[in-house]
Amino acid sequence: MPNSSTQPDLKQFRAGIRAFLQSNLPEVIRRKTAAGIELGEAEYRAWMKILSVQGWIAVNWPKKDGGPGWSLWERSAYEEEYYRAKAPRVVDIGVRMVGPVLLAFGKQQQRERFLPRIIDSSDLWCQGYSEPGAGSDLSSLKTRAVQDGDVYRVQGSKIWTSHGHMADRMFTLVRTSNEGKKRDGISILLIDMKSPGIRVRPIRRIDGRHEFHEVFLDDVSVPIEDRVGEEGQGWEIANYLLGHERGNMSLVVLIEEMFDSLREIATGERAGSNSVTDTAGFRRALAEVEIDYMVVRQSAEKIMHAVTADSAVGHAASVVKLGRNRVTQSVARLMLEAGGYSAMASDPLAIRGEAPPPEPELLFRMAPEYFDSRKVSIAGGSTEIQKDLVARRMLGL
C-alpha cells in the first residue's frame, strides 16, 4: 500500500524487525498462523515471552512505562513486518486495553502489581463486558457485585470472552448499584480467573475454533483493592477503554497481510485461460478496496498521532472501526471469490490443529477467514452503535 509522503525512511528499522522475526519466530507457529490453524495456550505464551524479552510486547506504551517508545510510523512499520512474517496476533488485551486503563485510572499499587506482569507476559488477560442480555447495550448488564467487608461478592455471567480459557485475569464490568441511571451503577473489577466460583465454557465458532467463551461467576470473591477507579466510574472507564479497542492501529495494519494473501491467491487461481488477477472485474474490485483501505489507514494514523497509552482516543475511534470492519469484510469476500471452489474446504478438526490441513494451505484459510470476518460488525460494539456515536457525538445530529 502507498504510504504518506511524510513518512520517514524506515528501511533500516524494518530490516531489523525482519531479521529478528526470521531468527526468533518458531517455524511451527509461523506455519500454523499462515495456515489459519488455532494456536495452543503454550504456543501463545512461549511466543509472547520471546517478544517480552525483546521489549516488543507493548508497542503502544511509552518507554517510561515499559514500552519501546516507538513513533507511530515505527509502530506501523513494525506491525506491517510482523504480520507479513506470518506471526500470530498475540493475546493483547493486557497491553492494548488493561495497561492504558491502569495508566490513566489505576492506583499506584495497582500499576506496580499488574503492569510488570503484563510487560513480561506472565499474565494473560481477557475482557468481561458482554452478557447474554447486554451486548451492545452494556448499560443493561446484570452481573452483580455486592460489598461484603473488604471484598465484593460477584454473581453473574459474561459471554463472547476472547481467550477466556487461557486468561489469568479478567477486567470486568459489574453492577455495584441500581440507583440513578443504569450506567451510573457500573464499576470495573480485576478478577483472578483462578478464583473459586469461576467456570469457563467454550463457544465453538462456525469455523471450528473456540476463541470465544462463556464465563460464569458464582459468588466469586474479589478484593475491593482490585476495583479500578471509584464505584460507579465503570462507564467512564469502559468508554475510554473501548476507544483504545476501536482505534487499535494493529487491527488496521493486519489488513495488509490479508491483501498479500489475496494477491497470492488471485495470481495462482485461474479464470478461464487467465489468472484471476488478470481479469478486469477483479482488478476493479481490488482497486476499490485498496482505496477504501488507504482512507481508513490515514484516518487511523491521524487519530493515533495524538494518542499515548495514558490518553483517550475519543469517539473518532468509531470512524476507524467502521472503516476497518468494512475493508476486512471486503477483502475476506474477495479472497473467497478468488479461490472459487478450492476455497470452500473447511475442516474444523484441521483448524484446531487436530488433523492435517488440506492442500493448498493458503486456500484452506479462505472459508474460515470469510466466516470470521462476519463477526466484526458486532464485536467491540455493533455497526449501528458506532454510526449512532458518530452521528450524535461527532456530527451533533
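Modeller: The protein chain exposes about 17,500 Å², and carbon and sulfur atoms supply 53% of that area. Keep in mind that this is a predicted model.

Colleague: How confident is the predictor in the protein chain, as given by the mean pLDDT?

Modeller: The mean pLDDT is 85, and 89% of the residues reach 70 or more. Over residues 1-5, however, the pLDDT is below 50. Beyond near neighbours in sequence, that stretch has 10 contacts in the model.

Colleague: What share of the 397 residues is buried?

Modeller: Buried residues make up 54% of them. The protein chain has 14 helices and 10 strands.

Colleague: How do you know that the span of helix 6 agrees with its number of residues?

Modeller: Helix 6 covers residues 108-119, which is 12 residues. At 1.5 Å a residue they should span 16 Å, and the end C-alpha atoms are 16 Å apart, so the two values agree.

Colleague: Which residues of helix 6 are buried, and what makes you say that they line one face?

Modeller: The buried ones are Q110, F114, L115, I118 and I119. Seen down the axis of helix 6, the buried residues fall within an arc of 130°, so they line one face of the helix. They pack against several elements, among them helix 3 (41-54), helix 5 (93-105) and strand 4 (169-175).

Colleague: Why is the pair E214 and R201 called a salt bridge?

Modeller: The closest N and O atoms of E214 and R201 are 2.8 Å apart. The cut-off is 4 Å between a side-chain nitrogen of Lys or Arg and a carboxyl oxygen of Asp or Glu, so the pair qualifies. E214 lies in strand 7 (residues 212-223) and R201 in strand 6 (residues 198-203), 13 residues apart.

Colleague: Why is E214 called buried, and what is R201 called?

Modeller: E214 has a relative accessible area of 16%. Buried means under 20%, so E214 is buried. R201 has 39%, which lies between 20% and 50%, so R201 is partly exposed.

Colleague: What separates E41 and R45 along helix 3?

Modeller: They are four residues apart in helix 3, and therefore separated by about one helical turn. E41 forms a salt bridge with R45, the closest N and O atoms being 2.9 Å apart.

Colleague: How many salt bridges does the rule give?

Modeller: The count comes to 29. Salt bridges that share partners join several residues into one network, including R14, E80, R84 and D260.

Methods: Residues numbered from 1 in each chain as written. Predicted model: local features only at pLDDT ≥ 70, side-chain atom pairs only at ≥ 80, totals over all residues. Heavy atoms only, no water. Helix = DSSP H or I, 4+ residues; strand = E, 2+ residues; numbered from the N terminus. Expected span 1.5 Å × (residues − 1). Buried < 20%, exposed > 50% of the residue type's maximum accessible area, 1.4 Å probe, protein only. Arc of directions from axis to C-beta. Contact = heavy atoms within 4.5 Å. pLDDT = per-residue confidence, 0-100. Areas by Shrake-Rupley, 256 points an atom, 1.4 Å probe, with all protein chains shown as cover.
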